[in-house]
Amino acid sequence: MAGLLSIQEPNPQANDNTVKHSREHIAQLFDLPLMDLLLQAQTIHRQNFDANEVQISTLLSIKTGNCPEDCGYCSQSGHHRDKTKLQAEKRLEVDKVIAAAKRAKASGSSRFCMGAAWKHPSAKDMPYVVELVKEVKSLGLETCMTLGMLNPEQAAQLADAGLDYYNHNLDTSRRYYEEVVSTRSYDERLDTLAHVRDSGINVCSGNIVGMGESREDRIDWVHELLKMPKAPESIPVNLLVPIAGTPIGDKVLAEGELSVLEWIRTIAVTRICCPSSYVRLSAGRESLSDAEQALAFMAGANSFFYGDKLLTTGNASQSNDNRLMRELGLTAQFAAPRAAKQVPVMDAMSGHQSQVVLAE
Ligand code: SF4
């Protein structure tokens, strides 16, 4: 049996927040006895974070339903609306978004995430989302958006407004991706993530576990994160909430759901491979027991969504989260919003590019 820590072989060339495990090492981590894997993940977690502190975000849908994409798990896709019967809604007014952000802050969230069911924001949507970023930031909250694909100009506009994080999930491995989405390619997703990274906005990118993918696909997804120039600062590891009427939801409901322990394993391997990233629990928490959620935190998760609703699916109730945090002795981390004006600068000697904050 592999020794507890001997299986780690970080690449000395790695100069970012990623430990450059080979695909083979990622597979070996997945194969470890669960207790060995948890101990290793928790040890690495403690070397990089306060083990009893969690970052809390609130997610709000600012434009719901009738999305032109065909993601096979999503109730918001216009391709599945005949079966899911999800009611599409117009863009939410700015004052309603601000009111929701104030409530989120009052309840202890440090980050406010806004999601729109778009293929990409249109030219007429950009002033709206830029205004939202500025207004929410002025409340002292970190901001995050998930709006679909971005081009470099849109990423720069959002960066200039001060957006802290942009979420764009890879969802799964490149191989399994074609079973999940046909209207947007894997490379287009990676392009958007590259534009976000180049703009100076923090990257949030994760997956959905339990869509019928194999462990090989979960290994490949972790490997994709490590192939990026820098691992995402925030990595949501979602557990599929199977929604009747969606192709993947119907398949999983008929064939059976993945073991929660495999999701826990995925969290632990992600923690080990991306030691300084926030690993986020989001979709799927509603159906988990206290003990299963505690195991996820033990595996290195240190961020979750607060609130009774995640875009369109249910979430663990806020009062239940407060009780669970008290029982586990977890405390909430405070916000540290990114300054609005940053410019990329290149070190003439090393060629290394970094962001410099301009004085207001
Ligand atoms: S996951 Fe996002 S992009 Fe895909 S259908 Fe749902 S809202 Fe649209």
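Me: A residue is buried if 20 or more other C-beta atoms, placed from the backbone, lie within 10 Å of its own, exposed if 12 or fewer, and partly exposed in between. Does K85 count as buried or exposed?

Reply: This is a predicted model, in which local features need pLDDT of at least 70 and side-chain atom pairs count only at pLDDT 80 or more, while totals for chains, interfaces and linings use all residues. Residues are numbered from 1 along each chain as its sequence is written. K85 has 9 C-beta neighbours inside 10 Å. K85 therefore counts as exposed.

Me: Where does K85 lie, and what is its phi near?

Reply: K85 sits in the loop between α3 and α4 (94–106). Helices (H or I, at least four residues) and strands (E, at least two) are DSSP runs, numbered from the N terminus. Most residues other than glycine have a negative phi. The phi of K85 is positive instead, near 60°.

Me: N66 is another residue with a positive phi. Does N66 count as buried, exposed or partly exposed?

Reply: N66 is found in the loop between β1 (53–63) and α3 (81–84), and its phi is near 55° although it is a residue other than glycine. Inside 10 Å of N66 there are 16 C-beta neighbours. That is why N66 counts as partly exposed.

Me: How many helices and strands does the protein have, and what percentage of its residues are buried?

Reply: Counting along the protein gives 13 helices and 14 strands. The protein has 360 residues. Of these, the buried ones make up 45%.

Me: V203 is found in a strand. Is V203 buried or exposed?

Reply: The strand that holds V203 is β5 (residues 202–204). V203 has 23 other C-beta atoms within 10 Å. Because of that count, V203 is buried.

Me: Which residues is V203 in contact with, leaving aside its neighbours within four places in sequence?

Reply: Two residues are in contact if their C-beta atoms, placed from the backbone, lie within 7 Å. With its neighbours within four places in sequence set aside, V203 touches Y166, L193, V196, R197, P232 and E233.

Me: How far apart in space are V203 and A231, C-alpha to C-alpha?

Reply: Along the sequence, V203 and A231 are 28 residues apart. Their C-alpha to C-alpha distance in space is 8.1 Å.

Me: How are helix α9 and helix α11 set relative to each other?

Reply: The axes (lines fitted to C-alpha atoms over the stretch in contact, with angles from 0 to 180 degrees between N-to-C directions) of α9 (residues 215–227) and α11 (residues 260–273) come within 11 Å and cross at roughly 25°. Angles under 35 degrees count as roughly parallel, over 145 as roughly antiparallel, 65 to 115 as roughly perpendicular and the rest as oblique. So α9 and α11 are roughly parallel.

Me: Which residues make the contact of α9 with α11?

Reply: From α9, the contact takes R218, V222, L225 and L226. The partners in α11 are T266, V269, T270 and C273.

Me: How are α2 and α11 set relative to each other?

Reply: The axes of α2 (residues 34–48) and α11 come within 9 Å and cross at roughly 40°. L34, L37, L38, Q40, A41, I44 and H45 in α2 meet α11 at L261, R265, A268, R271 and I272. The two helices are therefore oblique.
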